[in-house]
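Morning, everyone. Please have a look at the model.

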Amino acid sequence: MTQHDSHDSHARNALVVVAHHRTDSLTAHTARRAVARLEAAGYRVDLLDLHAEGFDPRMNEADQPDWSNREKPYSAEVHAHMRRVLDADAIVAVFPVYWQSVPAILKGWIDRVWTYGFAYGRSKPRLAGKRILWLGLAGATSDDPVVAGIQSILETNLSEGIAYYCGFSRSTVALLTDAEERPQRVDAEGNLRVGDAVAGTAREKQYAELDERAREFVEKFAADESAVSA
Ligand SMILES: Cc1cc2nc3c(=O)[nH]c(=O)nc-3n(C[C@H](O)[C@H](O)[C@H](O)COP(=O)(O)O)c2cc1C
């Protein structure tokens with residue numbers, strides 16, 4: 001966790017949520033860079049690595065909503081996560097795109113933590129005014145026609161279905177395509193065609209470009225004035 005001690009009321013807080021099982025993944029690398037960018041922009045950052053913290057994405061009885069009681073006390077684990085969400089002015093979720101969606105661990109975090117009575121179901125939403133950046137790494141290459149569909153489905157699911165439903169004032173889906181070193185495409189016969197691995201300077205260029213696109217997304221998000229609530 002990268003939490004600073006200072007309690008400057010003007011400082012903005014960001015919660016960076018990482019959903020990847022490997023610390024040497026491109027996703028984890030992108031998350032670390034996002035943390036550095038946010039800190040450079042003056043944010044206090046709370047880094048939530050769901051795998052490292054052992055988050056269990058499975059819904060359970062303690063955390064399942066009771067539609068007749070929005071004050072239901074959920075598990076202590078979920079309440080601790082709610083606190084971290086409440087403390088954040090801005091949330092950045094960094095994840096690999098899995099089946100045109102978020103990985104199960106991130107979906108389960110939303111299922112269990114962004115729950116009834118906390119994230120929705122109140123006349124005054126507790127998450128109102130917060131902003132979120134969904135930074136998704138996709139194996140698809142930028143010229144693959146499937147990319148427009150991924151962008152659209154993620155916006156419908158994550159921005160409309162989740163963030164705006166929970167009162168967020170802004171939700172941005174930022175897709176980082178070309179996250180694989182071997183370009184993949186399904187041909188007309190349904191076969192997965194895996195191209196040659198990009199190597200040497202071409203590979204460095206590919207990753208530098210991905211870093212650059214991620215930097216632009218994060219800096220734009222960090223600079224958003226609506227985050228200043230003090
Ligand atoms: C289960 C699974 C599902 C995937 N689904 C998609 C997908 O729907 N679209 C896509 O572009 N890439 C998909 N990919 C590729 C990942 O997005 C890609 O491997 C990842 O972003 C690479 O980042 P990483 O090295 O940090 O894992 C999938 C990969 C896995 C393992």
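The lining of the largest cavity comes to 3 nonpolar, 1 polar and 4 charged residues. For classes, Ala, Val, Leu, Ile, Met, Phe, Trp, Tyr, Cys and Pro are nonpolar, Asp, Glu, Lys and Arg are charged, and the others, Gly among them, are polar. The lining residues are Thr30, Arg33, Ala34, Arg37, Asp211, Ala214, Arg215 and Val218.

A word on provenance. This is a predicted model: local features need pLDDT of at least 70, side-chain atom pairs count only at pLDDT 80 or more, and totals for chains, interfaces and linings use all residues. Numbering runs from 1 along each chain as its sequence is written, and side-chain values use heavy atoms, leaving out hydrogens and water.

Cavities are sets of points on a 1 Å grid over the protein atoms alone, where a 1.4 Å probe fits but cannot get out; a pocket is an open set with protein on both sides within 12 Å along at least five of seven lines, and lining residues have an atom within 4 Å of a point. Volume is the space filled by probe spheres set on the points, joined across faces, edges and corners.

Now the largest pocket. Its volume is about 760 Å³. Its lining has 27 residues, with Val97, Ala138, Gly139, Glu180 and Gln184 nearest the centre. Helix 1 (26-40), helix 4 (146-164), strand 6 (184-186) and helix 5 (200-222) each give two or more. Strand 6 has the largest share, 3 residues. By class, that is 14 nonpolar, 6 polar and 7 charged.

What takes up this space? The ligand does; the test is more than half of its atoms within 2 Å of the grid points. Around the ligand are 16 residues (a heavy atom within 4 Å). His20, Thr27, Val97, Trp99 and Glu180 are the closest. That shell has 10 nonpolar, 5 polar and 1 charged.

Last, backbone N or O atoms. One of Trp99 lies 2.8 Å from a ligand nitrogen. One of Ala140 is 2.9 Å from a ligand oxygen.

How values were computed: A polar contact is a pair of N or O atoms within 3.5 Å; within protein, one must be able to donate a hydrogen and the other to accept it, and residues adjacent in sequence count only if both atoms are side-chain atoms. Helices (H or I, at least four residues) and strands (E, at least two) are DSSP runs, numbered from the N terminus.
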